[in-house]
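User: I'm new to this and would like a close look at one thing: helix-on-helix packing. Please walk me through it slowly.

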Amino acid sequence: PNGTQRAAENCSLLTIAGSDCSGGAGIQADLKTFAAHGCYGMSVLTALTAQNTMEVKAVHPIPPSFVGDQIRSVIVDVKPHAIKTGMLCNAEIAAEVASVLQAYKHAGSTAPIVCDPVCVSTSGHTLLESDSLGVLLRDIFPICTLVTPNKSEAELLLGHLDEPIEISSLDNILHAADRLASLGRCSVLLKGGHFVSTMEDVHDFSERHPSLQVVKQNLFDENMEILQVVSTGLEPRKLVVDLLYERNGGATAYVRPRIESTSTHGTGCTLSSAIACELAQGNSLRDAVASASMYTHLGILTAQPIGKGNGPLNHLH
Ligand code: PLP
């Protein structure tokens, strides 16, 4: 547990992110995830996007001062029990979000903040201008409980700090998570969805790092009913490893079978929002990540195809 335990229906969550008009990612994914967890959801928009499952056509940033107005309107009234940030679009918006959240924290808020450092869409469109990376690292990460980069976001962030790295092994993942955690003064969940591992890699890695906790998900647990009903696309020999590096020490590897799927749009948004829901209820970071990553995994596994491109995962209730 992480402080006060709270029932889901008593939790209010705030997402500060961009809109995906096709409903799969961004604010829309966040609000669906909050609702699916039984929590009350609020949303501050940073940018509008014109996009679908195939491409991001255009991005329309909201004026930074209006982003600040939205956040202040929410927090003086309904106090969120956790906050998630997603697409911050540009350095001016990121700086405004940082300044309002820093002031909120100084005024005594203990609401955990989860930052998904969204940089580029799967289809290749820039969602965060590169001059914003410094703002994230300097002004946002230190007020966060958790930051959730994927492989390319971690590479961009460390590259920005003149610590170029290409993540191609579990050792690289551990090193990158460690560096980001100490530079950002926050815990880091480095997501391995774009990186395939094998069980041998995991065994070898955990032997060399005896203090690492390994959490085996789905393939290995008693939940066989779900696996038998929807096993399409599951690749038991290819594993996905997410690595949680906690600021106060301790690393946990979450290991599960990779799913070959075209229904992964909004996966990162959903995972970070689900973690925020778990933290709002008072769960520990380790348990929050375990539960949220399983939620996201099952959402991909049970998704129905939507659209012509990379469609959204399923928001299971
Ligand atoms: N659009 C918005 C508004 C987002 O916030 C994100 C990701 O966070 C995306 C698009 C990218 O979605 P994906 O890369 O999962 O397709």
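Analyst: Start with helix α2 (residues 64-75) and helix α3 (residues 91-106): their axes come within 8 Å and cross at roughly 25°. (Helices are DSSP runs of H or I, at least four residues, numbered from the N terminus; axes are lines fitted to C-alpha atoms over the stretch in contact, and angles run from 0 to 180 degrees between N-to-C directions.) So α2 and α3 are roughly parallel to each other (under 35 degrees; over 145 is roughly antiparallel, 65 to 115 roughly perpendicular, the rest oblique).

Keep in mind that this is a predicted model, where local features need pLDDT of at least 70, side-chain atom pairs count only at pLDDT 80 or more, and totals for chains, interfaces and linings use all residues. Residue numbers start from 1 along each chain, as its sequence is written.

On the α2 side, the touching residues are P64, S65, V67, G68, I71, R72 and I75, and α3 answers with E92, I93, E96, V97, V100 and Y104 (contact: C-beta atoms, placed from the backbone, within 7 Å). Sort them by class and you get eight nonpolar, two polar and three charged (Ala, Val, Leu, Ile, Met, Phe, Trp, Tyr, Cys and Pro are nonpolar; Asp, Glu, Lys and Arg charged; the others, Gly among them, polar).

Now for α4 (residues 133-140) and α5. Their axes come within 9 Å and cross at roughly 85°, which means α4 is roughly perpendicular to α5. Here L133, G134 and L137 of α4 meet L156, L157 and H160 of α5. That contact holds four nonpolar and two polar residues, with no charged ones.

Helix α5 (residues 151-160) also packs on helix α6 (residues 170-184), at an angle of about 55° and with the axes 11 Å apart. That angle makes α5 oblique to α6, and α5 passes α6 in a left-handed crossing. A154, L157 and L158 of α5 touch A176, R179 and L180 of α6. By class, this contact counts five nonpolar, no polar and one charged residues.

How confident is the predictor? The protein averages a pLDDT of 92, and 93% of the residues score at least 70 (pLDDT is the predictor's confidence in each residue, from 0 to 100). For the complex, the predictor gives an ipTM of 0.93 and a pTM of 0.95.

Terms used:
Helix = DSSP H or I, 4+ residues; strand = E, 2+ residues; numbered from the N terminus. Left-handed = near helix turned anticlockwise from the far one by under 90°. Contact = placed C-beta atoms within 7 Å.
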